[in-house]
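Reader: Please show me the model first, and then let us go through some details of its geometry and its ligand in turn.

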Amino acid sequence: MMLAMGESGLRKVYPVLESLAALIAGIIGGFIVSAVLGYDPFASISLILLSGFGNIEYLLSISVPLTLSALAFIVPLRAGLFNIGVEGQAYVGALAAVYVSSLTGFPLPIILAPLAGALIGFLIGVLRVYRGVNEVVSSIMLNWTLFYTVSFTISRYLRDPVIVHQSVRVDRMLSALEALLIALAITIAVHTILYRTTLGYYIRVMGSSPEALKYSGSSESRVTLTAMSLGGVLGGLAGALQVYTVSGFIDVTMSAVFGIGFMGIAAGLIGRATAVGALPASILISALIIGGHKLELVLGAPPELADVMIGVMMLALSAPYALRLLSSKVLG
Amino acid sequence: MSSREHVVLMKGIVKVYPDGTQALKGVDFEASEGEIHALLGENGAGKTTLMRILYGEIRPTKGEIYVFGEKADFKSPREALRSGIAMVYQQFSLIPSLTVAENIYLALSSVRRISPAEVRARAEELSRKLGWSMPFDYPIESLPVGLRQRVEVLKALLAGSKVLILDEPTSVLTPLEVEELFKVLKSLRDEGMTIILITHKIREAKRVSDRVTILRRGLKVGTFKTAEISEPSLARLMIGEEIELTVKGGIPKPGAQALVVEKLKVKDDMGVLRVKEATLTVKYGEIVGIAGVQGNGQRELVEAIAGLRPAIAGRILIDGVDATRLTASKRGKLGLSYIPESKLVGLALEMNIVENSIMTLLSRFTRRLVDVDWGKARDNAGDIVRDFGVVCRSLDDTVKSLSGGNQQKLMVGREIRRRPKILVAHEPTQGLDVATANMVRRRMLNLRDEGSAILLVSSDLEELLSLSDRLLVIYDGRIVSEGRPEDYTLEKLGLLMGGVIDASYG
Ligand SMILES: Nc1ncnc2c1ncn2[C@@H]1O[C@H](COP(=O)(O)OP(=O)(O)OP(=O)(O)O)[C@@H](O)[C@H]1O
Ligand SMILES: [Mg+2]
């Protein structure tokens, strides 16, 4: 009995150990690249980490929208669906937040923005269920369509009277603490949905095997539509929070929101596709990004050094899985 | 150290899986040239584990392996293949969307350089020699299981292997196909190949093997010349106690109609009509068996009854209600339970035992519409595990980590413990050892005695003959014969199943 408890404990910490190993691999990767590029590796890595974690308030406010983006990627992923559309959902969410804020004040914008994202997620789901369009393909096309639609809408209808290439500002900003509380609440909600509700149960069954889902009495189309819509809700919220905690507005090149969906994929994977892993992974990635920019300012080193570290971490995390898959499927 | 005739020699093999399971506790094993060597043992005895180690798929925690007298330390199946060892798994490793020829080419090209045309020519020549006509240009997904297995065997032989490991090859085959396979295995042996046959069917080991090694709970019990050991002794050594080899039911008391299928037509995934006007009835308190060679529509028939596949025409009545258009879950609420042939359908392998134990009855474990009661679910999982003897370390184990037989016990236990009014069971005892299979059979008989209706589709004719109160034969999508089990001999069944004679029924 004691033994069994010890073992099940080990199984619980195993993923955490794997993530830590990936973290170390990432740091080593950064080390090597900076040395190759001719910068002092100790100085660059410590600069990245120190400045990344230097201003906790700033770090948190950046991490929170990213956490939402990671969650938006994770929920459909657990059903075996790739929500590459988080990016577009975030654009729409940001736009909705700015628009609603121009009509009424907080908190309505944050409440309505997710609905806009949900619409996009639902659309991707519908295309997959009723038209057989792969969600990755439709997402990528939608992301760009939405990019230009949102950009056009800003410059046409929501433009700031003074600075014409950006939108009006939202009515107020959220403090890092407020944002953190929202992120924690949503994390708990997503975790609860995945592990305590029938919906989450069916999402996970579908992720394990769509045939088993059908057998269990649910249907693939229903779960696809709900999981994609839920992903859209979270993606929309990611965009809204980006506006409300980081930028305060969006501009016609979408620079405030651009890339948040793709970073969310990285954060979701580094967080091992778990709801509870999303926030820590997002904080880590945000710190690396902040540190990367600082690196450029101080040492003149390319900020991509931080991207290399993120990339190595993702590789290190997916390597064991990819190896297993290769050895069991292709050979033999 | 090892003599030349020991094609394979494994010494003191210990395997502890990363999660702490001790699958093998110091096992010796040897196989010689030109023999069929049966590896016999109960579910979870460690048969598959031992052979996966030989095949280089997993590494032993301790122990040494010699192949053709040389020390072997395979780091991957590819290395094992190069040394002449091939393995055909319980679950095949074929790519469903690719054709037979493409799958064979893919496997061979990973071992050595060879052109597709050359592979094709050699594959055709070999299958002619074995007397198999293979549909080389058909995608794997369109083939019945028996043919898929042949593709695996072709792959192994073409790779030039001298040692062929087969993991429970007969569990997916019909009696006729088993005969065919055994004939081929014997001729391969006569040419000098070494064949290791994993099985828990004593009768099979007895019939086809030259020697037999018995494993029990990760330990070797012994290796014997098959001719010198009797079936009861094999059974005793395997289980550790005497077991009865058959089950016999009591007298049935059939009641009202539970399940009625009328002129049903069903298509398969490729759009081919597989069930062509099938009509049958199952009453409460009786077991109706369906015999048939795999691929004659039985899978499509039961899937249509379960609501996983649409009916093109005809009707399905469940407990008097027209269920032809109802969803699977509605049929479940009418009292229907279904044990599928494939564990990939009946289990979510990535999820744990507790989660799998409620897969078909989620609504019973739900509070306030959406809130899953995991405490209650855990109790239920514990009951199944105890009741059906599922060997696991904890209820939080993923189902993937269970041995094939234990997965089957979990799936079957879940459905039988529901006490369904109507049970549709497709190969319910596949992959189970004799004792467990008999336990499952007894449980089905109990269920019947309590008044449930059972439709049993099985490729085990003895199982069908001993359990069924009425027996149907399906051939080419039609029920071609119906009678009491006493009316059939094995020969007659074989002829009916092969479509040789037609009882001109219906
Ligand atoms: N990947 C794994 N991780 C952990 N434990 C495992 C794994 N594979 C098998 N086991 C355990 O090791 C033991 C032996 O399993 P194995 O699959 O070798 O049995 P088997 O004799 O082939 O049984 P069966 O007849 O049911 O297929 C079982 O207790 C099983 O649960
Ligand atoms: Mg096995």
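Reader: In the hairpin of E11(B) and E12(B), which residue takes a positive phi?

Author: The model is a predicted one, in which local features need pLDDT of at least 70, side-chain atom pairs count only at pLDDT 80 or more, and totals for chains, interfaces and linings use all residues. Residues are numbered from 1 along each chain as its sequence is written, chains are lettered from A and ligands numbered from 1 in the order in which they are written, and side-chain values use heavy atoms, with hydrogens and water left out. The hairpin has 5 residues between its strands, where strands (E, at least two residues) and helices (H or I, at least four) are DSSP runs numbered from the N terminus. The residue with a positive phi, near 85 degrees, is B:Gly271.

Reader: How many bridges join E11(B) to E12(B), and how many join E11(B) to E14(B)?

Author: Two strands are taken to pair if DSSP finds at least two bridges between them. Strand E11 (residues 257-267) of chain B runs antiparallel to strand E12 (residues 273-283) of chain B, with B:Lys283 as the bridge partner of B:Gln257. E11(B) also runs antiparallel to strand E14 (residues 311-318) of chain B, where B:Val260 has B:Leu317 as its bridge partner. The counts are 8 bridges to E12(B) and 6 bridges to E14(B).

Reader: Which residue stands opposite B:Ile65 in E5(B)?

Author: Strand E4 (residues 62-67) of chain B pairs over 5 bridges with strand E1 (residues 6-16) of chain B in the antiparallel sense, and in that pairing B:Ile65 is the bridge partner of B:Met10. E4(B) also pairs in the antiparallel sense with strand E5 (residues 70-72) of chain B, over 3 bridges. These two strands, E4(B) and E5(B), form a hairpin with 2 residues between them, and B:Phe68 in the turn has a positive phi of about 50 degrees. In E5(B), the residue opposite B:Ile65 is B:Ala72.

Reader: Between which domains of chain B does ligand 1 lie, and why?

Author: Chain B is divided into domain 1 (3-239), domain 2 (246-335 + 421-506) and domain 3 (344-419), with bounds that come from an automatic or database domain assignment. Because residues of the shell around ligand 1 are given by two of these domains, the ligand lies between domain 1 and domain 3.

Reader: How many residues does H1(B) supply to the shell around ligand 1?

Author: The ligand is surrounded by 20 residues, the closest being B:Gly44, B:Thr48, B:Thr49, B:Ser403 and B:Gly405, where a residue is near a molecule if one of its heavy atoms lies within 4 Å of it. Helix H1 (47-54) and helix H14 (404-417) of chain B each supply at least two residues of this shell. The largest share comes from H1(B), namely 3 residues.

Reader: Which residue has a side-chain N or O atom 3.4 Å from a nitrogen atom of ligand 1?

Author: Polar contacts are pairs of N or O atoms within 3.5 Å. The contact from a side chain to a nitrogen atom of ligand 1, at 3.4 Å, belongs to B:Tyr17.

Reader: Where in chain A is the cis peptide bond that joins A:Phe106 to a proline?

Author: The bond between A:Phe106 and A:Pro107 has an omega of about 5 degrees. A:Pro107 has its place in the loop between helix H4 (86-103) and helix H5 (108-131) of chain A.

Note on methods:
A polar contact is a pair of N or O atoms within 3.5 Å; within protein, one must be able to donate a hydrogen and the other to accept it, and residues adjacent in sequence count only if both atoms are side-chain atoms.
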